[in-house]
Amino acid sequence: MDAPPIIKPPSPPRRIRSGTLGCLLSLACVFALFGYLGFTRIPPQDSKLIASFYAHRAAYERLREMLQAEYRLRSVGKFGVIGMWGIITTNSWEDVSPQQANFPAERYDEYVALLKEVGGYFAVRRPEEHADLEIQLWRWGFAGTAHNIGICWEHQAPTNQVPSLAGHVGRRSPDGRPETAYRHIEGNWYLRTDP
């Protein structure tokens, strides 16, 4: 008589060690971070920025009115390099809160709400009598290597206009100087990029 076949009992499932799981999670986080950074460094298309401008035209016009009326204001924003930075006055580049600048809190809140509506980080007012201004919409990089795109209002047409900002973001002249480029939207409104 033949002996019955020997059947091996099923082996218990392999357990993933906590070290292996931690390593896999760490790798996933690193890949997610690189994917995010790689995606956000791609500048938005002109057509999307222009469509957003028209969709929020009233908010842009209100920001222009407010900034041009604020002769002592240099910049206002919702976020800064050191968290909440509030208002920068013409006396200093130091980040201060609205209270420190004796700036009405309601007015500051209106700025922040309008910036949020248009998707802007901050707005800058140049010191001229006919104040040119810019609402910063996109930024990639750090400090002196940052690339920016914004929508600006210029009282005089800039000379360095291009048909599209594509290829101009981060561009430098042969001698290494940053090159600013503008794309006309309508009237005194322009898309602006600078390295």
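**A buried charged pair and its surroundings**

Modeller: Glu134 is buried and Arg192 is buried too (buried is under 20% relative accessible area, exposed over 50%, partly exposed in between; 1.4 Å probe, protein chains only). This is a predicted model, in which local features need pLDDT of at least 70 and side-chain atom pairs pLDDT 80 or more, while totals for chains, interfaces and linings use all residues. Residues are numbered from 1 along each chain as its sequence is written, and side-chain values use heavy atoms, without hydrogens and water.

The side chains of Glu134 and Arg192 form a salt bridge, with N and O 2.9 Å apart (a Lys or Arg side-chain nitrogen within 4 Å of an Asp or Glu carboxyl oxygen). Glu134 belongs to strand E4 and Arg192 to strand E7, so this pair ties together parts that are 58 residues apart in sequence. Helices (H or I, at least four residues) and strands (E, at least two) are DSSP runs numbered from the N terminus.

Strand E5 pairs with both of these strands. E4 and E5 are antiparallel and share 7 bridges, and E5 and E7, also antiparallel, are joined by 6 bridges (strands pair if DSSP finds at least two bridges between them). At one position Trp140 stands opposite His147 in E5; at another, Ile149 has Thr193 in E7 as its bridge partner. E5 is mostly covered, with 7 of its 7 residues buried. His147, Ile149, Ile151 and Trp153 point one way from the strand, while Asn148, Gly150 and Cys152 point the other way.

Ile151 also has a place in the largest nonpolar core, which has 33 residues; Tyr60, Tyr111, Ile135, Ile151 and Trp189 have the most contacts inside it. Such a core is a set of buried Ala, Val, Leu, Ile, Met, Phe, Trp, Tyr and Cys residues joined through side-chain atoms within 4.5 Å. At least two core residues come from each of helix H2 (46-55), helix H3 (57-69), strand E1 (73-77), H4, strand E4 (133-140), strand E5 (147-153), strand E6 (181-186) and strand E7 (189-194). The largest share, 6 residues, is supplied by H4. Among the residues that Tyr60 touches, leaving aside those up to four places away in sequence, are Phe53, Ile135, Ile151 and Trp189 (contact means heavy atoms within 4.5 Å).

Helix H2 covers part of this region. Its buried residues are Asp46, Leu49, Ile50 and Phe53, and they lie on the same side of H2. They pack against H3, E4, E5, E6 and E7. On the face turned away from that buried side, H2 carries the exposed residues Lys48 and Ala55.

Back to the charged pairs: the whole structure holds 8 salt bridges. In one of them, Arg62 and Glu110 bring their closest N and O atoms to 2.8 Å. Arg62 lies in helix H3 and Glu110 in helix H4, so here the parts tied together are 48 residues apart in sequence. Arg62 is partly exposed, at 28% relative accessible area, and Glu110 is partly exposed as well, at 29%.

Arg64 is buried at 18% relative accessible area, and Glu61 is buried at 19%. Both take part in a network of salt bridges that links Arg57, Glu61, Arg64 and Glu186.

Notes
Arc of directions from axis to C-beta.
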